[in-house]
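Please keep the sequence and the model in view while reading.

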Amino acid sequence: MLGSWFPERIAVVSLDGKPVNLIDRPITKAFLMGKPVTEKMYYIRKDGHKIPVSVNASPIVIQGKPWGAIEIFRDITFEQEVDRMKSEFISLASHQLRTPLSAIKTYAHMLVDGYLGEVNEGQKKSLNTIVHSSNRMNELINTLLNITRIESGTIDITLQALRLDVVLQEVLNELSFLAATKKIDLQLSTAGKGSLNLKTDALIIKEVFANLISNAIKYTPDEGEVDIIVTPRGQDILVEVRDSGWGIPKHAHDQVFSKFFRAQNIVKRETTGTGLGLYLVRGLLELLGGDVWFTSSESKGTSFFCTLPRVTRRRRRPKEARADNKKAGL
Amino acid sequence: MAKILVVEDDRDLNNAYCLILRHEGHEVVEAFDGKEALEKLDDFTPELVLLDLLMPIMGGLEFLKQWRKAGQNSDIRVLIFTNMENSPEVNEAYKLGANRCIIKSWTAPHNLARVVKDTLEASSDVKTPA
């Protein structure tokens with residue numbers, strides 16, 4: 001299959017196209033660390049053809065001493081192709097769903113806002129239900145689309161000079177409707193002095209905080225409080241999204257950023273979440289070179305903290321790496 | 001109040017945007033693809049173009065390439081209104097001189113009116129986030 005019996009003679013490149021030295025190969029790491037290692041990479045055949053592989057390496061340990069290691073690899077060409085097709089399908093389906101949804105949301109809002117004449121209170125209530133439901137559908141589509149893009153490495157970062165408070169105010173404007181339905185006091189404030197200027201991607205920032213703030217609203221009882229506090233620091237800006245909500249049980253803290261995670265105390269109260277929002281938030285912030293963490297006390301509330309670097313550096317995306325590999329004949 | 005060209009292929013959304021902007025007192029002309037927009041611009045000089053990207057016949061990027069070639073019309077603001085956030089197309093639109101980009105499915109009518117106002121008031125050489 002590879003044209004060589006000897007692992008050390010097989011050329012290996014990482015998923016982002018960089019050559020992997022023998023010392024960094026799973027079989028060497030498994031031997032040196034004395035524990036199993038699993039990684040995805042490319043093996044290069046003797047004829048130059050590149051094969052994506054999933055590698056599992058395990059150490060051979062006899063009486064506590066490492067004697068060697070065994071490497072098993074699996075060709076994942078087909079799996080990668082299925083992944084790519086799945087991503088394309090979700091992306092296309094999401095775009096197709098969004099256009100009619102935009103029309104539903106826009107017209108319902110137009111009726112509520114009085115652009116098409118007066119409506120009575122009963123009609124307004126029904127229209128608000130349409131707006132609320134279309135927002136939920138929209139959130140779900142956005143989340144699915146963005147997770148697909150992150151996982152397939154096809155998200156594009158557009159760097160712009162922006163003021164963080166202006167972007168956050170835009171997010172608050174969009175969510176004020178949701179906060180008003182629960183009579184939640186939604187406040188944006190700045191702590192300390194310093195510039196709030198960033199060079200980053202405005203739409204990703206909006207997506208991150210739309211998720212965090214809408215979570216805070218959803219998981220806070222009626223007439224509670226949600227505060228967004230922005231603190232400029234040296235090389236980054238810290239944003240705290242603080243709520244007076246139900247909180248996250250301590251035993252679940254380790255799983256908060258996992259895909260599909262939903263805390264048991266929340267599932268009982270709020271049935272509409274997907275458990276994808278915080279997974280997405282962390283993925284998006286990592287793309288921008290930021291970080292996210294939280295503190296929470298059950299029945300008292302939760303604070304999510306995010307750091308955003310002043311200047312986001314464009315990171316090499318797997319898609320670009322793939323294109324480079326193609327050019328290099330890998 | 002301003003003169004605005006709305007370029008959007010979805011007729012329901014095009015009608016909605018025209019209605020909202022006329023309600024705010026703007027003079028609005030509509031087009032349903034980039035080619036029709038170029039034709040309308042022969043007789044209509046807007047202060048702002050509200051532009052969709054994905055359209056049949058001629059999309060938003062091709063429209064920008066032709067309309068803004070050799071630095072022409074750079075004093076007219078372009079507000080991209082799309083559902084394709086964080087895509088290469090949005091990056092390309094900025095390179096072709098778009099001033100701002102907002103996401104259709106996120107934007108309520110009263111926010112559209114406000115973003116249009118902000119974009120018109122912003123200095124033409126500063127690109128502002130949505």
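In chain B, helix α1 (residues 11-23) packs against α5 at an angle of about 65 degrees, and their axes lie 10 Å apart; helices here are DSSP runs of H or I with at least four residues, strands are E runs of at least two, and both are numbered from the N terminus. Axes are lines fitted to C-alpha atoms, for helices over the stretch in contact, and angles run from 0 to 180 degrees between N-to-C directions. The crossing of α1(B) past α5(B) is right-handed, a term that applies if the near helix is turned clockwise from the far one by less than a right angle, with anticlockwise giving left-handed. On the α1(B) side the contact is made by Y17(B), I20(B) and L21(B), and on the α5(B) side by P109(B), L112(B), A113(B) and V116(B), where two residues are in contact if their C-beta atoms, placed from the backbone, lie within 7 Å. By class, this contact of α1(B) with α5(B) has seven nonpolar residues, no polar and no charged ones; Ala, Val, Leu, Ile, Met, Phe, Trp, Tyr, Cys and Pro count as nonpolar, Asp, Glu, Lys and Arg as charged, and the others, Gly among them, as polar.

This is a predicted model, in which local features need pLDDT of at least 70 and side-chain atom pairs count only at pLDDT 80 or more, while totals for chains, interfaces and linings use all residues. Residues are numbered from 1 along each chain as its sequence is written, and chains are lettered from A and ligands numbered from 1 in the order in which they are written.

Helix α5 (residues 109-121) of chain B also lies across β3, β4 and β5 of chain B, running at about 150 degrees to β4(B). These strands belong to an open sheet of five strands in chain B, with the order β2-β1-β3-β4-β5 and parallel pairing; two strands pair if DSSP finds at least two bridges between them. At the edges of this sheet are β2 (27-31) and β5 (100-103) of chain B, each of which pairs on one side only, and the twist from one strand to the next averages 20 degrees. Within the sheet, strand β3 (residues 48-51) of chain B runs parallel to strand β4 (residues 77-82) of chain B and is joined to it by four bridges, with I80(B) in β4(B) as the bridge partner of L51(B).

Strand β2 (residues 37-44) of chain A pairs with strand β3 (residues 50-62) of chain A in the antiparallel sense over eight bridges, and K40(A) has S54(A) in β3(A) as its bridge partner. The two strands β2(A) and β3(A) form a hairpin with five residues between them, and G48(A) in the turn has a positive phi of about 90 degrees. Strand β3(A) pairs in turn with strand β4 (residues 65-75) of chain A, again in the antiparallel sense, over ten bridges. Here N56(A) stands opposite I72(A) in β4(A), while S54(A) has R74(A) in β4(A) as its bridge partner. A hairpin is formed by β3(A) and β4(A) too, with two residues between them, and Q63(A) in that turn has a positive phi of about 50 degrees.

A further open sheet of five strands in chain A has the order β6-β8-β9-β11-β10, with mixed pairing. Because β6 (185-190) and β10 (291-297) of chain A stand at the edges with a single partner strand each, one side of each is left without a neighbour in the sheet. The twist in this sheet averages 15 degrees from one strand to the next. Strand β6(A) pairs with strand β8 (residues 225-232) of chain A in the parallel sense over six bridges, and L186(A) has V226(A) in β8(A) as its bridge partner.

D291(A) lies in strand β10 of chain A. Not counting residues up to four places away in sequence, D291(A) touches L285(A) and T307(A).

The contact between the chains takes 27 residues from chain B and 27 residues from chain A. On the side of chain B that touches chain A, α1, α4 (88-95) and α5 of chain B each supply at least two residues, and α1(B) gives the largest share, six residues.
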